[in-house]
Amino acid sequence: MISNHKIQTALDEIKDISRIDLALYTEKGKPVAATFEPEGDLEGAITSFADSMAESQMLSGYHFFKVIADGEIEYILLTKSQAEDAYMVGRLAVCQIRNLAAAYMEQFDRNNFMQNILLGNMLVVDMYNKAQKLHIEQAERVVYVIDLEDKKDSTAVELVKNLFATKMRDYVTEVDEQSIVLIKDVRDVKNEDELQKLADMIVDNMHTEAMVRVRVGYGNQVNNLPDIAKSYQEAKMALEVGKIFYAEKETIAYRYLGIGRLIYQLPMSLCEMFIHEVFGDEIPDIFNEETTTTIQKFFENNLNISETARQLYVHRNTLVYRLERLEKIIGLDIRKFDDAMTFKLALMVISHMQYARRQDTDQR
């Protein structure tokens, strides 16, 4: 149901304009919102009126009105006044509340519709028929998955909704306890950079406003409703692959996963076979801080020894000595392109295997 806060705001605004007090109840006589403190117990009168055939009634100085939406009684509205215009104000308030309830239900139906698409719970024919009823048109869309470091709370969800509240063509929904899903209409987005800037904006706002750390993955652009589920799966894969191979990144796009996506989909048996071919029976223990930093900088500088030595603040000969010592341990000279590529692939495969083992342990 629509939030009590929104109903209270609507009643307060009507009271400010008309100077007539109003109170809203459920059909069972439970209070929802009011601009005054009703006198006496009205529960019996309200339930009796709700069961009657009348749509409005005058009783004990109050005008009673039924708020009906989709053929069902949603609320009972009371206006407190002997003024002639109290009845008219009550009717206007009923219209306002009914429209609020209808808008909420339509938004709820749209979110529910999008959830079913994401989870693949709808036939294509039903999907298009339902979309037509909900006035959801075909458009270019991209799915963003916002993964929270901790379990999400209402603050995080509301923040994302508020960021896109003015965009009636965007949808914010939830399908699990760990993430928030944004289905973004990108008809006005001109290039890939804008998609990345949007992901960065989400991360920044979640950090500063909700004080939570998040990672954002997004899929490719799709044009048809059934393909929204595909973009969603791509966004989820972007997050998963990013955790393994690009842990330093807070945003990751599916289209930029590169070789990481290929390795992620390899079976463990092939990974183990490749590592055995490269290192033999045992993976060498080379991952101390000095060696790791040296390798990382060397790759970042495209195997340029002089530039790597300059950035590490070491003599060129010192760097060469480190690389030669590494060659003796792993059997690969990473100063050569082929050996460097083999070693980099091996590091990525090892990361994938370690991640898979942790996941298997956690599931047990």
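Met 211 lies in the loop between helix H6 (192-208) and strand S9 (214-218). In this predicted model, phi of Met 211 is near 60°, a positive value in a residue other than glycine. Most residues other than glycine have a negative phi. Met 211 counts as exposed because its relative accessibility is 66%, and the cut-off for that class is over 50%.

A positive phi also occurs at His 135, again near 60° and again in a residue other than glycine. His 135 sits in the loop between helix H4 (124-133) and strand S6 (141-148). At 62% relative accessibility, His 135 is likewise exposed.

In soluble globular proteins, nonpolar side chains tend to be buried together. The largest nonpolar core here has 37 residues. Leu 257, Phe 279, Ile 330, Ile 334 and Phe 343 have the most contacts inside it. Two or more core residues come from each of helices H7 (228-245), H9 (268-279), H10 (289-300), H11 (305-312), H12 (316-330) and H13 (337-363). H13 gives the largest share, nine residues. Ile 330 touches Val 278, Phe 279, Pro 284, Ile 286 and Phe 343, with residues up to four places away in sequence not counted.

Leu 270 belongs to helix H9. With a relative accessible area of 42%, Leu 270 is partly exposed.

Key:
Residues numbered from 1 in each chain as written. Predicted model: local features only at pLDDT ≥ 70, side-chain atom pairs only at ≥ 80, totals over all residues. Heavy atoms only, no water. Core = buried A, V, L, I, M, F, W, Y, C linked by side-chain atoms within 4.5 Å. Buried < 20%, exposed > 50% of the residue type's maximum accessible area, 1.4 Å probe, protein only. Helix = DSSP H or I, 4+ residues; strand = E, 2+ residues; numbered from the N terminus. Contact = heavy atoms within 4.5 Å.
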